[in-house]
Amino acid sequence: MSKSIFRKKNIHKILADVASGFSDAEHSGSHLKKELNVKDLTLMGIAAVVGAGIFSTIGLASFNGGPGVTILFVLTAVTCGFSALCYAEFASRIPVAGSAYTYAYASFGELIAWIIGWDLLMEYAIGNIAVAISWSTYFVNLLEGFHIHMPEYLTMDYFTAFKAHEAIKNHTAEITDTIKQGALAWSNAPGIGGVKLIANLPALLIVVIITYLVYIGIRETKKATNAMVFLKIAIVLVVIAVGFFYVTPANWHPFMPNGFGGVMKGVSGVFFAYIGFDAISTTAEECQSPQRDLPRGMIYSLIICTVLYILIALVLTGMVSYKELAVGDPLAYVFTKLHLTALSGIISFSAVIATASVLLIFQLGQPRIWMSMSRDGLLPKAFSRIHPKYHTPSFATIVTGFVVAIPALFMNLTEVTDLTSIGTLFAFVLVCGGVLLLPREAAKKGRFHLPYINSKWIVPAVLIIGAYFLKDHILSMFTGKNAHENFPFFLFIILSAVLAVMSFVKNLSLIPVLGLLSCFYLMTELGYTNWLRFLIWLVIGLVIYFTYSYKHSLLGKEKANG
């Protein structure tokens, strides 16, 4: 067996696997039809992006940052744009139906591929938990429109109810509608001894239904996906158009009530709103011209979604005070608050469909990543078992259902989105960093290449200027009782210094450098606790790799025998 943990999978081997149906794409199988063009890819990107983020997490982000959260949407969009270009560079060099896992295996070797694959599993699984929780909130709101009331203790997690109960008991927070509901759930919940029975039942229900659909092989066609996108965009445009007439400009003042720090508190929610644009990179084999169309599809979908997000954020914070937006269903909430109940019901109905479709797309994706890693020998063979009747990765799909459904019963939306965001940003960091390691190639007709801009002087100059203006803030982070919690930012400073030197010495390409730095910076804004949870997840992954995957790697066995 090859002893190198950085053994690489040959591109010809990947193409041969794809030809025989061994693919980690959503649409696995041989001889996939090349039907997707720029319009289709753009709509698919919007389909994946416009979901739980715009219908849910935008509320808490606006609560923390006020109207100034619009600035964060622009910063995040630029960051995602850098990453999208790096994904496109990989797709042009390895034009197969893959993901960052496949790209890494071919470019950097097995260990990095495993880390990205393990990271993507967290992104997909925990992201789906967040979508399920968001779906539950809108579903309960929809039922209320039909005068069907579910007990509060069956519609939220234990921690949220307990926290709300403590807030009212100790008067530690402003009493919002969300806190009132949580406290009501706590007081009405049945219990065994001192333990209250509180769980998010609708979240469990939707995961079970979606898992069943995925198990029997139901998947969205191109036309169904496009129709779903048009429905989502139509509802968002209606919200913007109608909401505009109910905007009170005074609600936009102050623009950043909690300062720039308050705006950056919304990083998790805002970045979560963009998660999914990279999913279209798995459709390279089905693109008529992947080298040309994939980058355009990613960028177009990002631009459209950014414009919609900024307008939605301005309308929401203009219709009501930002202080009222810490809710799970902000779009429906503001219209209910203004007694526009008919429109609120339509929004809830649309959100139920929109978030369910996002859950379906990503619940399809996770088992196929497990299947791909299993076929490479990095996970047990059971994960690549195909159902004889439904032709789906049956075991992996069932495991996915349990991994998502059980935590959805008990987890808090904020914690879930934080973990999803840090995992996705880490994948983006590796993709951007990976592009820097690729050999430069001459541009070929019809193939996308990142425009090369020499970072020799630009990156060092930007970092020196930034350090000068932020010197007081940086110095303050080294003092105080909780200085250790700034460890992620210390890592960012070290990384910035290293990249500045390497840019000057090696003449690195500017776009991936900026992508790497911006993604890593957003990671530092997600908090010390989330970094600890993320590092624990990575350590668990490395233990599995060295105790099982390294020994069972098919690539290692082939190299040893060949």
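Buried here means under 20% relative accessible area, exposed means over 50%, and partly exposed is anything in between (1.4 Å probe, protein chains only). All the views come from a predicted model, where local features need pLDDT of at least 70, side-chain atom pairs count only at pLDDT 80 or more, and totals for chains, interfaces and linings use all residues. Residues are numbered from 1 along each chain as its sequence is written, and side-chain values use heavy atoms, with hydrogens and water left out.

**View 1. Arg7 and Glu110 form a salt bridge.** A salt bridge is a side-chain nitrogen of Lys or Arg within 4 Å of a carboxyl oxygen of Asp or Glu, and by that rule the count comes to two. In this one, the closest N and O atoms are 2.9 Å apart. The partners sit 103 residues apart: Arg7 lies in the segment before α1 (11–19), while Glu110 belongs to helix α6 (residues 110–145). Helices are DSSP runs (H or I, at least four residues), numbered from the N terminus. Glu110 is buried, since its relative accessible area is 0%; Arg7 is buried too, at 2%.

**View 2. Glu324 and Lys337 pair up in a salt bridge.** Here the N to O distance is 3.4 Å. Glu324 comes from the loop between α13 (290–319) and α14 (330–337), and Lys337 from helix α14, 13 residues apart. Glu324 counts as partly exposed because its relative accessibility is 27%, and Lys337 counts as partly exposed at 39%.

**View 3. Helix α9 meets helix α16.** Two packed helices are described by the angle between their axes and the distance between the axes. For α9 (residues 201–215) and α16 (residues 394–410), the axes come within 8 Å and cross at roughly 170°. So α9 runs roughly antiparallel to α16 (a label for angles over 145 degrees). The axes are lines fitted to C-alpha atoms over the stretch in contact, with angles from 0 to 180 degrees between N-to-C directions. Among the residues that meet are Leu204, Val207 and Thr211 in α9, and Ile398, Gly401 and Val404 in α16.

**View 4. Asn64 and its contacts.** Asn64 is found in helix α3 (residues 52–65) and counts as buried, because its relative accessibility is 18%. Leaving aside neighbours within four places in sequence, Asn64 is in contact (heavy atoms within 4.5 Å) with Asn258, Gly262, Val263 and Lys265.

Note on methods. Helices (H or I, at least four residues) and strands (E, at least two) are DSSP runs, numbered from the N terminus. Angles under 35 degrees count as roughly parallel, over 145 as roughly antiparallel, 65 to 115 as roughly perpendicular and the rest as oblique.
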